Amino acid sequence: MTQNLLITGRPGAGKTTLIRRIAESFGDRRLVGFYTQEILSEGTRVGFELVSLDGRRRVLARTGMQSTCTVGRYGVDVEGFEAFLASVPFSDPEVDLIVIDEIGKMEWCSERFRRVVREALDSPTPCIATIAMKAGGGIAAIRDRNDVALVEITRQNRNTMLPRLLAEVREMMSRATGA
């Protein structure tokens with residue numbers, strides 16, 4: 001029995017959409033975390049924005065951004081990301097579910113994020129997260145933990161996975177509360 005559910009898949013498979021739908025389905029429960037969304041300019045992706053589950057927003061990465069951490073053509077605002085993370089109560093004992101989108105190369109630039117991920121996965125609170133499919137190093141080590149269930153989302157199965165994942169998350173939360 002796992003306490004953590006990781007969703008992986010190729011870019012564009014629908015990981016973020018799926019994790020948002022899961023979070024929305026448990027709107028009556030106490031959830032903390034965030035998801036990422038693309039920043040578009042005239043139909044072209046120019047960056048990524050963080051959105052906390054309580055609606056706060058912050059730019060994570062953008063083309064042309066000067067940064068000590070770059071991923072592809074994007075500069076990552078590591079300091080801003082760490083300030084955003086500090087404002088999310090991941091370790092609140094009253095929380096029913098932790099949501100993280102995504103454990104990826106941009107986010108991995110942050111030491112605080114790496115710590116948040118480890119603490120979330122080690123905590124008694126269930127965690128659901130998206131995770132990069134092809135990243136190595138520390139991200140691969142997270143994917144390979146024995147306390148996670150890894151589910152791959154594809155364009156073919158993404159529309160049928162929601163009920164299965166909702167049932168799994170419901171079961172994880174039930175086990176955590178003893179209900």
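This is a predicted model: local features need pLDDT of at least 70, side-chain atom pairs count only at pLDDT 80 or more; totals for chains, interfaces and linings use all residues.
Residues are numbered from 1 along each chain as its sequence is written, and side-chain values use heavy atoms, leaving out hydrogens and water.

**The second largest pocket**
- A pocket is an open set of points on a 1 Å grid over the protein atoms alone, where a 1.4 Å probe fits, with protein on both sides within 12 Å along at least five of seven lines; lining residues have an atom within 4 Å of a point.
- This one has a volume (the space filled by probe spheres set on the points, which are joined across faces, edges and corners) of about 200 Å³.
- Its lining has 14 residues, with V88, F90, S91, V116 and E119 closest to the centre.

**The largest pocket**
- Here you get about 840 Å³ of space.
- Of its 28 lining residues, P11, K15, R45, F48 and E102 sit nearest the centre.

**Where α2 meets α4**
- Helix α2 (residues 78-86) packs against helix α4 (residues 111-122) at about 35°, with the axes 8 Å apart; axes are lines fitted to C-alpha atoms over the stretch in contact, and angles run from 0 to 180 degrees between N-to-C directions.
- F81, E82, L85 and A86 from α2 touch E111, R112 and F113 from α4, contact meaning heavy atoms within 4.5 Å.

Key. Helices (H or I, at least four residues) and strands (E, at least two) are DSSP runs, numbered from the N terminus.
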